[in-house]
Structures are given as structure tokens and as C-alpha cells.
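Let us walk through this protein step by step, looking at how some of its parts pack together and where space is left inside. Keep the structure in view as you read.

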Amino acid sequence: HHLTTSPAHQLFSTTFAPVKPKQFFIETYGCQMNVRDSETLAGELEALGYVAAEAASDADVIVLNTCSVRERPHHKVFSRLGELALLKRARPNLVLAVAGCMAQIVGDKIAQRAPYVDVILGPRNLGRFGPALAEVLADRGHVLVRDTAECLPEGLPVRRAPGFSAFVNVTYGCNNFCAYCVVPYARGREVSRQPAEIIDEIEQAVADGYHEVTLLGQNVNSYGSDLDSATDFADLLTLVDTILGLWRVRFTTSHPRDCSEKLLQVMASLPTVCEHLHLPLQAGGDDVLRRMGRGYSFADYRRTIARARELMPALAVTTDLMVGFPGESEADFEATLAAVREIRFDQAFMFKYDDRPGTAAADLPDKLSEVEKLRCLALLIELQNTIAREVNTAQLGQTFEVLVEGFDERHGDLLRGRTRQNKMMIFAGDPALVGELVHVRATEAFMWGFLGKQG
């Protein structure tokens with residue numbers, strides 16, 4: 001009997017065709033913390049039976065995971081919501097969600113300007129996304145969830161981005177309340193995860209094939225200050241260094257005020273910890289730093305960098321810089337330029353000041369004009385880009401350890417990866433090297449990194 005060709009079998013296979021699973025699509029704005037939060041949202045959706053869609057137009061659930069640290073991301077999100085409104089009009093059963101810091105800070109405004117959004121969810125409430133989605137699907141109306149008193153529960157599912165590097169949170173929130181920053185209002189006060197929970201997550205990531213981890217927190221240097229144990233961030237790095245199969249450890253962000261001698265010595269002594277320190281300066285003028293509430297002077301910052309470079313000669317130093325803080329004078333701006341010339345950062349994230357809702361700086365007088373802020377920003381970017389090229393050019397001929405990530409998008413036949421200093425290296429090599437550590441000599445220098453040759 002040839003059952004596969006019988007009419008009965010044909011009828012059976014037609015009648016009971018598999019049901020197409022529902023799909024989700026997540027768009028992420030902002031920092032690495034948001035990238036990690038999106039991995040949790042994706043994990044929750046997969047646990048509910050959804051699969052990732054290739055495009056938003058294919059999805060049954062679309063999540064915008066938003067940033068509130070500057071004004072521009074707000075405009076981008078509202079513009080994107082306007083586009084998605086057309087999609088929702090054509091497909092009324094489509095669920096739209098806005099998560100992240102913007103949802104926490106201006107959730108009411110989102111509900112008013114985009115009443116078709118179904119779920120608005122602050123960053124500390126990702127564990128409540130599933131129940132919120134269930135309410136919407138049960139046709140119980142729109143759901144607004146904001147409560148910074150909560151902390152993310154342990155054990156939420158995660159769908160990490162493919163590759164070899166994983167993000168792992170060590171703290172949530174921030175206690176610093178810098179005058180310009182909205183993060184403490186969006187993510188709440190600082191809470192440290194227990195060391196055992198962090199180690200368990202990293203061990204699982206390594207078991208899943210990730211060889212590099214980046215430890216995340218708004219200020220990783222203050223890790224453990226709220227724990228009963230005596231474990232500080234340097235101690236945590238020492239624990240993480242013992243995990244078998246873990247090749248590299250990175251972390252961000254550090255606060256200059258809390259970057260201790262102990263931490264620098266531990267960084268220098270541990271083989272897994274990469275020679276890269278991201279230490280936001282923000283401004284070079286002491287008066288501006290004081291009014292920002294940063295808690296250090298430029299002399300303090302200079303000493304920290306000098307000590308770090310003494311302990312780790314191969315160290316790359318990156319930073320954040322802001323221009324146009326309220327009351328900033330031309331002399332203050334020149335102090336920032338002078339600081340950049342002196343420190344010679346490998347890379348910098350550079351921004352103009354924007355008023356953020358609820359922050360102390362939003363109420364300060366003597367705001368600079370947009371034209372003046374843009375003028376200063378252009379000069380700063382030009383200076384820093386020149387220095388970055390010079391720094392990399394001075395390293396030509398050196399050989400770097402590179403974790404190979406895959407093929408470079410712009411040079412399809414060349415491999416790409418990052419050095420321990422977190423600089424891009426592009427080189428010709430065997431595709432079998434993807435996921436491996438190789439040594440590559442820098443042969444051409446650019447602002448973003450190097451072209452190189454293996455061996």
C-alpha cells in the first residue's frame with residue numbers, strides 16, 4: 001500500500017495544515033542597557049509562542065524599546081509611531097507596544113499623541129510584559145505600566161543576539177542624579193544583582209557559545225554598595241575571571257568618581273579583562289563639572305587616567321563629552337577642547353546638551369542657543385576625529401588579539417572582529433576563524449580602527 005499517494009492521506013494533510021506561529025518585531029533605540037532589555041522582551045515573547053519576524057510589516061506584535069537620554073530619540077519614536085499607525089489601521093489586531101525609558105518618562109504623552117499604542121511599559125517592569133499583552137489580547141483595553149519601585153525579577157527568559165559577545169546586567173538604575181541626566185527618573189535608584197546570579201547568567205551564556213561578556217550598569221564602579229555582602233565591582237571582576245570558557249570581559253559605564261585604585265589594579269591583573277576603559281568626562285571645565293553634579297575635577301580625572309595607563313600601557317580610553325551645558329562659557333568650552341588634546345581619547349561619544357524633563361539642569365538659566373551648541377559640537381567632533389586617526393596611526397605595525405565576529409558588511413570577502421581595546425579590525429582570513437581568537441597586525445589606520453593582516 002502506497003499510503004503517501006492515497007486520496008485519504010491527501011485529504012488529511014490538507015485539512016490539518018500547521019498553524020503559522022505569531023510573529024514579533026522589536027526596534028531598539030539607545031544604549032546597551034536597552035539592547036539587553038530587548039533580549040528579555042524577545043525571550044518573553046518566544047516563551048509565549050511567538051517567533052521573530054524579519055520585518056515589522058510581518059509582525060503580530062511590534063515593540064519599540066525607547067531611549068530618553070536626549071531629545072532626538074523622542075522625535076524618532078513619535079515619527080515611527082506615526083508610520084506604524086498606518087499599519088495598525090490596515091491590521092487592527094496588530095499589537096503596538098512602547099517600552100523603555102521614554103515609556104517611563106513620557107508615557108502619558110505617548111498615550112495622548114498615539115492612542116493606538118496598546119502597551120506602554122517602563123524599563124523596570126519588563127517582567128510584566130506578558131500579562132500586559134494578555135490583557136490587550138483579551139480586549140481589556142490599553143495597558144500603561146510604570147513603577148520604578150520594582151526591580152527586574154531574576155530568571156526572565158532571554159533571546160540573545162547571535163554572535164559571540166553577550167550583555168549581562170550587574171546593576172539597574174542610578175543614584176548619581178547628574179543635573180542633565182534623566183536615567184534615575186527612568187530606571188529608578190541603583191540596585192545591584194547578587195554575585196551568584198550574575199555568575200550563573202554568564203556561565204549559561206558561555207555554555208550557549210558566547211566567549212565575551214560586557215557587564216552593564218549605569219555606574220558599574222558602585223556595584224555592591226547596596227548589598228549585604230562585601231563584594232565590590234573589583235571583587236566581581238575577580239569572580240567572573242574564573243569562569244571556564246570565558247575569554248574576554250568588558251564593562252560599561254564607569255563613573256570617574258568611583259574608579260578606584262583597587263579596580264584599576266584588578267583590571268591590570270586579570271587576563272580576561274580587556275584593556276579598554278570607558279570613563280565619561282562630560283566636560284573639561286571644573287565649574288561646569290560642579291554644576292553638572294559630577295563629583296570630580298578635571299585634575300581628578302587626569303590622575304585616574306594617568307594611573308590607568310601606567311598600570312595598563314596598552315589601554316584604550318573612551319569617553320562621553322557634552323557641549324552647551326547651561327551657563328557654559330567660551331572659556332569652559334575651550335577647557336573641554338584642551339582636555340581632549342591632553343588626554344587623547346581613542347574614541348568619544350559627543351553630544352550637545354538638551355533639556356530633559358524633570359532634571360535639575362532643565363530649570364537652569366543661561367541656556368545656549370542651538371546655533372552655538374552646534375558650532376561647539378562641530379569643533380569638538382573635528383578635533384576628536386583627528387586625534388582618533390592619529391592614535392590609530394601611531395599603532396600601525398602592532399599585532400592585536402582579535403575575536404572574529406564574521407564577514408564585514410562593506411567588504412564581503414574580508415573578516416571583521418574587535419581587538420581587546422574594542423577597535424574594529426578588518427582582514428583577509430579563513431571563514432573557519434569566525435568565533436575564534438586570532439592575532440592580526442595593523443597595516444592601515446582609520447578613525448574607526450584598522451585594516452590588517454593575519455600573523
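Which residues in H13 meet which residues in H14? In this predicted model, the residues on the side of H13 are Glu330, Phe333, Thr336, Leu337, Val340 and Arg341, and those they meet in H14 are Glu372, Arg375, Cys376, Leu379, Leu380, Leu383, Gln384 and Ile387. Sorted by class, the residues of this contact comprise eight nonpolar, two polar and four charged.

To see how these helices are placed, trace H13 along residues 330-343 and H14 along residues 370-393, and you will find that their axes come within 10 Å and cross at roughly 15°. Angles under 35 degrees count as roughly parallel, and therefore H13 and H14 are described as roughly parallel to each other. The crossing in which H13 passes H14 is right-handed.

A second pair of helices can be read in the same way. Helix H8, which covers residues 195-207, packs with helix H9, which covers residues 233-240, at an angle of about 35°, and their axes lie 11 Å apart. Here too the crossing is described by its hand, and H8 passes H9 in a right-handed one. On the H8 side the contact is made by Pro195, Ile198, Ile199 and Ile202, while H9 brings Leu236, Leu239 and Val240 to it.

How many cavities of 30 Å³ or more does a search of the whole structure find? The search finds two, and the largest cavity holds about 50 Å³ of space.

Which strand gives the most to the lining of the second largest cavity? That is strand E11, which runs over residues 248-252 and supplies three residues. When the lining of the second largest cavity is sorted by class, three residues are nonpolar, one is polar and one is charged.

Conventions
Residues are numbered from 1 along each chain as its sequence is written. This is a predicted model: local features need pLDDT of at least 70, side-chain atom pairs count only at pLDDT 80 or more; totals for chains, interfaces and linings use all residues. Side-chain values use heavy atoms; hydrogens and water are left out. Axes are lines fitted to C-alpha atoms, for helices over the stretch in contact, and angles run from 0 to 180 degrees between N-to-C directions. Helices (H or I, at least four residues) and strands (E, at least two) are DSSP runs, numbered from the N terminus. Angles under 35 degrees count as roughly parallel, over 145 as roughly antiparallel, 65 to 115 as roughly perpendicular and the rest as oblique. A crossing is left-handed if the near helix is turned anticlockwise from the far one by less than a right angle, and right-handed if clockwise. Contact means heavy atoms within 4.5 Å. Ala, Val, Leu, Ile, Met, Phe, Trp, Tyr, Cys and Pro count as nonpolar, Asp, Glu, Lys and Arg as charged, and the others, Gly among them, as polar. On a 1 Å grid over the protein atoms alone, a cavity is a set of points where a 1.4 Å probe fits but cannot get out, and a pocket is an open set with protein on both sides within 12 Å along at least five of seven lines; lining residues have an atom within 4 Å of a point. Grid points are joined across faces, edges and corners, and a volume is the space filled by probe spheres set on the points.
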